[in-house]
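Colleague: I have a new model open on my screen and would like to talk it through with you. Could you walk me through a few of its features?

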Amino acid sequence: MATAESIVRADEPLNLTFSEAELEAHRDHITSFIEAQVDAAGVDTVVLGLSGGIDSTLVSHLAVEALGRDAVHGLVMPSEVNRADNMSDAERVANDLLGIEYDVIEINPLVDAFLDAYPDAEGDQLAVGNLRVRCRAVLNYLVGNHEQALVLGTGNRSEALVGYYTKYGDGAVDCHPIAPLYKQQVRQLAKHIGVPDDLAEKTASAEMWAGQTDADEMGMDYDTLDSILALHIDGGVPAAGTADQLGVPLDVVETVREMYESSAHKRAMPPGPDPLY
C-alpha cells in the first residue's frame, strides 16, 4: 500500500469532464437504462447498498429520478471498520437528500459467524475485507429477492477496468448504471444533478479495512488513473507516449496495464472447457 507521500499524481492529467449538454445526455441515458432494466426484469423497485461514497450517492439519485423515491430501497451496512461519518453520510443521502426507505443492518455478526466457522482466516486483512463486501452482496440479494426488486450496482468505469472491486461482492449485482463513467465524470455528474460538494469530493474508500483509501491502495489518485485508462487502455496510446503526455513514470502506466490484464477474469463469466461435441 502506498503512503500519502508516494501516491503518484500526473503532472498533466487529462480533462475528461463533460459539457453541460453531455451531462444532460448522460443523465437521460442512465435514467432510461434504469427504467429499461426494471421493465425487463418485470419488477417495480430496486435495492442498493449506500456507503456514503459518491458512486452509491450518484446511483441512488439517478434511481430516484428514474423510478421515484417510493421505488428505491437503500441498505446502509456498517461494519467495525467503517468510519462513522461515512455511515452518517449514507443515512443523510437516504433520509435528508432523497427521502427514500432505508434500513441499517450491521454486518459484524455475519462476518464473525464466518470467521467462527473458518478461524484460519482471522487476521487476513484482504480475505476478511472481501468477506465484508460479500456479506453486503448477500444482504442486497436477500432484500432484493424478498421484495422482488432489482439489485443496482455502483461500479464505475475506472474500477471495472482495473478490477478494483470484490468478485462476487460489490461486483455481484443485476446492473451497473454508472459503468460508462470514469471516476472524474462520476464526481462531475453528481454535482450537476445537485449532490452537495462535500459528498462529491470526499476521499474515496472501499473501507474493506480501517484507514483504507483507494489512492493509497492503488498508489495513484483517480485523475491519474482515469488519464492512463483513457489514453492507454481505452485509447490505445502506447505506454511510453502515455507516460510522456501525463508526466508520470513509465512503470506507473505499466502497473495500470498489469492491473487491467490481471483482472480480466472479473469482467467475464467463469470459464469452463469447450464442449467436446
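Modeller: Gladly, and let's begin with one residue. Leaving aside neighbours within four places in sequence, T57 is in contact (heavy atoms within 4.5 Å) with G52, V93, V195 and L199. This is a predicted model, where local features need pLDDT of at least 70, side-chain atom pairs count only at pLDDT 80 or more, and totals for chains, interfaces and linings use all residues. Residues are numbered from 1 along each chain as its sequence is written, and side-chain values use heavy atoms, with hydrogens and water left out.

Colleague: Thanks! Which helix does T57 lie in?

Modeller: Helices here are DSSP runs of H or I with at least four residues, strands are runs of E with at least two, and both are numbered from the N terminus. By that count the protein has twelve helices and four strands. The one with T57, residues 54-67, is α2.

Colleague: Is T57 buried or exposed?

Modeller: We call a residue buried under 20% relative accessible area, exposed over 50% and partly exposed in between, using a 1.4 Å probe and protein chains only. T57 has 1% relative accessibility, so T57 counts as buried.

Colleague: How does the radius of gyration of the protein agree with that of a compact globule?

Modeller: The radius is taken over C-alpha atoms, and the globule rule is 2.2 Å times the number of residues to the power 0.38. For 277 residues that rule gives a value near 19 Å, which agrees with the protein's own 19 Å.

Colleague: Last one: what share of the residues of the protein count as buried?

Modeller: For scale, the C-alpha trace spans about 55 × 50 × 50 Å along its principal axes. Of the 277 residues, the share that count as buried is 49%.
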